[in-house]
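Colleague: I am new to this structure and would like to learn how to read it feature by feature. Could you show it to me, and then take my questions in turn?

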Amino acid sequence: MSLSLIGIIVVQIYWITNSIQYNDEQFSFAVKQTMVAVATDLENREIANYQMAKQAFKDTLGGNINDAQLRQIMLAQQSKNLLENSRLNNNPLSEDYKLDPQLTDIDLDSITFKRLFDNKFGVIEPNQGSNRDQSSVLYDADFDNYARKKTAERASEYYSLLPIPQRVTSQEVAELISKELEKRQIDSKFEFAIYQDGYATRVQSDNFEYLPEGTWDYPIFRTSNESIEPYYLYMSLPGRKKFILSSIMGMALLSLIFTTVIVVAYSSAVSQIFKQRQISQIKTDFINNMTHEFKTPIATINLALDSLKHPKIAADPEKVKNYLRMIREENKRMHGQVENVLQISKLDKNNLNIEKERIDMNHLIDDSISHVQLLLEEKNGTIKTHLGALRTVVLGNESHMTNVLVNILENAIKYTEEAPVIDVYTENVKNKIVIKIRDQGIGMAKSAQRKVFQKFFREHTGDIHNVKGHGLGLAYSKRILEDHNGDIFVQSVKGKGSTFSIHLPLIV
């Protein structure tokens with residue numbers, strides 16, 4: 001059972017670990033797909049804008065110019081406009097402006113079509129002169145792969161002259177990423193940044209931070225020109241672990257609950273097995289002890305009966321009377337032992353009918369002392385009473401309450417090695433009467449004090465059994481007192497004696 005339970009727990013841990021790893025891989029794949037989609041979308045937008053700009057130049061210049069010349073003119077115009085804008089703003093060219101000196105030296109004034117330089121055909125930027133929402137319409141999906149690749153390269157070459165903030169804005173990138181993550185049902189916060197040559201550009205989110213285990217990158221605005229450093233889109237998801245764990249939290253929680261139930265049930269079963277084993281051992285000891293207790297009085301009765309058959313003893317009335325007394329006492333002793341067992345059995349089944357009436361506990365104490373007087377005289381002991389309680393009337397059963405007091409007094413006498421000295425006290429505490437029976441006997445350890453009111457319990461004394469008993473008297477006493485809404489406590493010091501305290505409610 002233990003090995004099976006350990007195996008179940010190991011399998012559950014293995015399953016949860018593998019699920020987390022699998023979900024992490026799926027999450028990374030979805031993020032990569034998101035970045036590919038964003039990069040493709042940005043590329044498609046630039047192609048659409050490039051197609052629009054190219055068509056605008058064609059419409060202006062007419063149809064007598066080939067594509068190579070048109071592309072050269074477009075690049076030159078882009079470079080000159082950027083240079084002029086920089087001079088007008090008294091701002092030296094940034095390193096982000098990748099101008100080709102050969103392009104800036106072209107004399108565009110020599111071109112016949114002067115209207116090329118009208119304001120409406122100034123710098124054609126991706127954010128001007130086009131509708132971003134129509135990019136998918138402007139981009140012809142029927143392009144074959146080769147044509148699209150060539151167009152993408154030319155568009156990238158055309159826009160590579162611009163700094164990255166003029167090609168795309170942080171808001172656009174954020175919207176694209178958000179849309180793609182939503183498509184893939186990833187509900188997590190994200191941060192992003194665009195880098196070039198290992199350096200961050202101005203296109204990034206406010207709280208972007210590179211996380212070694214939670215940052216993905218993908219190239220964007222790729223170009224065939226090796227002299228131009230490619231841009232990389234970096235994206236991090238701070239809530240990655242939370243999202244992955246939340247995806248398996250339901251099943252993991254159910255698995256944990258069911259495993260916990262199995263562990264608790266298993267622990268309870270093992271505990272019950274050990275308890276039953278202990279109870280079985282106690283009952284075996286009890287039966288052996290009871291058999292031994294019955295053996296002695298039966299043997300005594302048999303000897304007395306055999307003696308009565310002898311003619312000489314039968315003729316002597318005094319000896320006959322003595323043997324009859326012995327038989328009666330031994331029979332009474334066995335009857336008392338059987339009665340204790342039956343009373344405990346009835347108490348366990350709640351079949352013991354207890355009729356209650358008004359009882360004066362001071363009188364009941366005196367009566368109980370008289371029952372143990374012969375046993376006390378046999379050991380030359382004394383009992384002193386200190387009846388200080390002013391209110392002593394309770395509602396109870398006289399017979400059972402007498403048995404309770406007698407059981408405690410008998411234990412005080414039996415568990416004293418020398419002449420017993422017993423003190424009985426009564427006092428009133430609030431609406432209760434407290435009866436204390438103190439002896440100067442052998443006492444008991446703290447571990448025994450916690451178990452002394454359990455059935456069949458007797459403190460271990462090795463192989464020495466000087467005191468006979470079955471461990472039923474105090475269990476019976478506690479059960480009777482509980483039925484009277486009372487309680488019993490013990491305080492003891494090993495070798496110095498014990499004090500039993502009985503608490504009973506008074507009749508108000």
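Colleague: With which residue does Asp 41 form a salt bridge, and how far apart are the closest N and O atoms?

Modeller: Before the answer, a word on the source: this is a predicted model, in which local features need pLDDT of at least 70 and side-chain atom pairs count only at pLDDT 80 or more, while totals for chains, interfaces and linings use all residues. Residues are numbered from 1 along each chain as its sequence is written, and side-chain values use heavy atoms, with hydrogens and water left out. A salt bridge is a side-chain nitrogen of Lys or Arg within 4 Å of a carboxyl oxygen of Asp or Glu. Here Asp 41 pairs with Lys 179, and their closest N and O atoms are 3.9 Å apart. Helices (H or I, at least four residues) and strands (E, at least two) are DSSP runs, numbered from the N terminus.

Colleague: How many salt bridges does the structure hold, and which residues does the salt bridge of Glu 46 involve?

Modeller: There are ten salt bridges in the structure. Glu 46 meets Arg 167 through their side chains, at 2.9 Å from N to O. That pair links distant parts of the chain, with Glu 46 in helix 1 and Arg 167 in helix 6 (residues 164-167), 121 residues apart. Both Glu 46 and Arg 167 are buried. Another salt bridge joins Asp 483 to Lys 356, with closest N and O atoms 3.8 Å apart. Asp 483 belongs to helix 15 (residues 473-483) and Lys 356 to the loop between helix 10 (317-348) and strand 5 (357-360), 127 residues apart. Asp 483 is partly exposed at 28% relative accessible area, and Lys 356 is partly exposed at 35%. Salt bridges that share partners also join Asp 41, Arg 45, Glu 172 and Lys 179 into one network.

Colleague: Which residues of helix 7 are buried, and which are exposed on its other side?

Modeller: The buried residues are Glu 172, Val 173, Leu 176, Ile 177, Glu 180 and Leu 181. They cover an arc of only 160° around the axis, which puts them on the same side of helix 7; the arc is that of the directions from the helix axis to the C-beta atoms. On the other side of helix 7, Gln 171 and Glu 182 are exposed. Just after helix 7, Gln 185 takes a positive phi of about 55°.

Colleague: How should I read the protein as a whole?

Modeller: Counting elements is a plain way to begin, and the protein has 15 helices and eleven strands. Of its 508 residues, 38% are buried. Taking a contact as heavy atoms within 4.5 Å, one finds that among contacts between residues at least 6 apart in sequence, 74% join residues at least 24 apart.

Terms used. Buried means under 20% relative accessible area, exposed over 50%, partly exposed in between (1.4 Å probe, protein chains only).
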